[in-house]
Amino acid sequence: MIFFVSPLSIVLLSVFIVAVLIIFCKKLRNVNKLPVDGLQKPPTPFKFPIIGHMHLLAGYSVPYEAFSNLGRKYGNVVKLQLGNVKCVVVNGQKNIREALITKGHHFDSRPNFERYQMLFGGNKENSLAFCDWSDTQKLRRDMLKVHTFPRSFTNTYYSLDNLIQQASTLIKSEITPNKSMEIKPIILKNCANIFTAHFCSKTFSVSDEKFIRMVENFDDIFYEVNQGYAADFLPFLMPFHKKNLERINSLTHEIREFILDEVVGSKFNVDTDVEGDYLDSLIKRVKTNSDLTWETALFALEDIIGGHSAVGNFLIKLLAYLAKESEVQAKIQAEIDAKEKPVTICDRSSMPYTEATIFEAVRLIASPIVPRVANQNSSINGYEIEKDTVLFLNNYDLSMSKALWNDPAKFKPERFLKNGKIVKPDYFLPFGGGRRSCMGYKIVQLVSFGILSDILQNYTVLPDDGTSYEVPVGSLALPKNTFKFKFISR
Ligand SMILES: *[C@@H]1O[C@H](CO)[C@@H](O)[C@H](O)[C@H]1NC(C)=O
Ligand SMILES: *[C@@H]1O[C@H](CO)[C@@H](O)[C@H](O)[C@H]1NC(C)=O
Ligand SMILES: *[C@@H]1O[C@H](CO)[C@@H](O)[C@H](O)[C@H]1NC(C)=O
């Protein structure tokens with residue numbers, strides 16, 4: 001979740017800054033009140049009326065860089081007023097852990113942006129990622145766990161393995177060697193099939209028009225929710241986004257229709273005691289307990305099927321890094337060739353370099369931790385955090401800090417290896433932590449591992465002459481048509 005400050009917003013903000021400078025340029029200073037209950041107020045920079053500190057975020061290509069700079073200038077806990085939203089920026093591993101884990105139960109809500117409400121049927125509580133903590137959320141997470149964190153060598157695990165192999169085979173069959181090609185749509189479709197099959201036991205032909213449309217719609221929405229808008233903090237800017245939000249809203253309706261007609265089908269009306277896939281367990285719960293409505297269950301199902309967009313976009317970013325890293329590819333291929341058989345996700349533990357490559361891509365993308373909100377008055381590092389404050393936990397700093405990593409801008413999977421084994425430093429927290437940690441990270445890792453190693457078994461990825469492989473940092477999503485690649489048969 002980043003702040004994407006659109007050109008229009010910048011113009012509007014500039015107008016405000018100038019107007020506000022003329023009118024109010026007086027008596028504004030750092031507030032550092034006396035400690036109450038032994039807690040100090042966090043430091044806060046100079047702010048303007050209306051926009052508060054929003055000007056501090058303008059002009060950064062990666063908005064989280066602004067948070068790192070604020071940390072260096074004012075300390076690891078900095079209070080900001082962004083438009084009408086009170087926020088705190090938290091830097092540093094110790095403080096981020098305090099917010100995620102030690103005091104995770106104080107900071108388990110999510111921002112109440114109007115945009116989230118609009119994207120989830122008028123109620124952000126419908127969303128797995130953007131809802132506040134609740135009994136329903138706990139139930140949804142518990143029901144999902146068995147499917148998103150399949151334990152090694154269980155039936156669920158082997159069945160997922162099979163699905164990944166089938167998808168990889170189809171992806172490879174659509175690759176035309178030596179020709180520049182867009183592989184994103186192919187990868188997304190096949191990831192979508194892994195997800196619908198894994199969670200709902202349903203697969204689609206990759207040339208099914210309705211299915212293709214669903215995949216495109218999910219990708220479009222995924223891009224949308226990964227943008228941050230100035231309007232999230234300055235609601236009077238919302239009308240400028242009305243058209244786009246209406247467009248997105250109609251996509252969510254199309255998805256609902258597809259899910260009901262093609263994925264759920266007659267399943268809801270057929271009584272079965274078999275609790276096979278996630279869809280079965282949702283239906284059973286809705287029928288037998290009053291704590292889950294069918295409406296809530298459908299949103300949960302859509303959210304989790306939409307997870308395929310995260311995997312697909314990640315794989316494209318991974319390929320974009322690798323297109324420039326022929327040595328990394330050669331080392332992965334050495335691990336693959338040592339197996340002397342098709343690689344499966346069961347080989348993960350004995351292919352540490354390949355796994356390290358996935359971690360390295362995750363690190364460099366520096367995906368933001370979805371902002372938390374304090375559900376009560378609390379503190380971090382002795383600084384008072386008032387109820388309803390939005391917390392930005394600066395994972396960008398943990399992923400890219402020169403103090404923590406050698407050559408942080410370089411793609412070096414070796415940094416995650418020690419004596420041939422994977423080592424993840426404590427400050428590597430790309431999936432957050434605690435009760436709001438990412439539900440999908442295991443499945444992202446498994447699917448990425450399976451598809452990447454399968455592609456590299458048969459092909460080497462080369463850059464396309466006309467493509468620049470600048471992978472956007474600090475966002476999980478990519479625009480619709482991104483990056484062409486050339487695949488050379490091995
Ligand atoms: C593809 O390109 C590779 C290397 O550039 C070359 O060795 C190979 O002959 C080409 N194959 C075809 C089918 O053109
Ligand atoms: C939380 O802190 C604010 C500001 O310090 C205070 O006004 C409010 O009464 C506190 N609320 C509770 C429930 O303690
Ligand atoms: C990929 O490589 C494997 C192992 O060398 C081989 O058995 C398989 O036929 C190849 N598949 C394609 C699509 O080239």
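1. Lysine 412 is in contact with Glu360 and Asp407, leaving aside neighbours within four places in sequence; contact means C-beta atoms, placed from the backbone, within 7 Å. The model is predicted: local features need pLDDT of at least 70, side-chain atom pairs count only at pLDDT 80 or more, and totals for chains, interfaces and linings use all residues. Residues are numbered from 1 along each chain as its sequence is written, while chains are lettered from A and ligands numbered from 1 in the order in which they are written.

2. Lysine 412 has 19 other C-beta atoms within 10 Å and is therefore partly exposed (buried is 20 or more, exposed 12 or fewer, partly exposed in between, with C-beta atoms placed from the backbone). Its loop runs between helix H15 (395-400) and strand S8 (417-418); helices (H or I, at least four residues) and strands (E, at least two) are DSSP runs numbered from the N terminus.

3. From lysine 412 to phenylalanine 359 the C-alpha to C-alpha distance is 10.0 Å, at a sequence separation of 53 residues.

4. The chain has 16 helices and 11 strands. Of its 490 residues, 42% count as buried. Among contacts between residues at least 6 apart in sequence, 74% join residues at least 24 apart.

5. The C-alpha atoms fill a box of roughly 70 × 55 × 40 Å, taken along the principal axes.

Key
Two residues are in contact if their C-beta atoms, placed from the backbone, lie within 7 Å.
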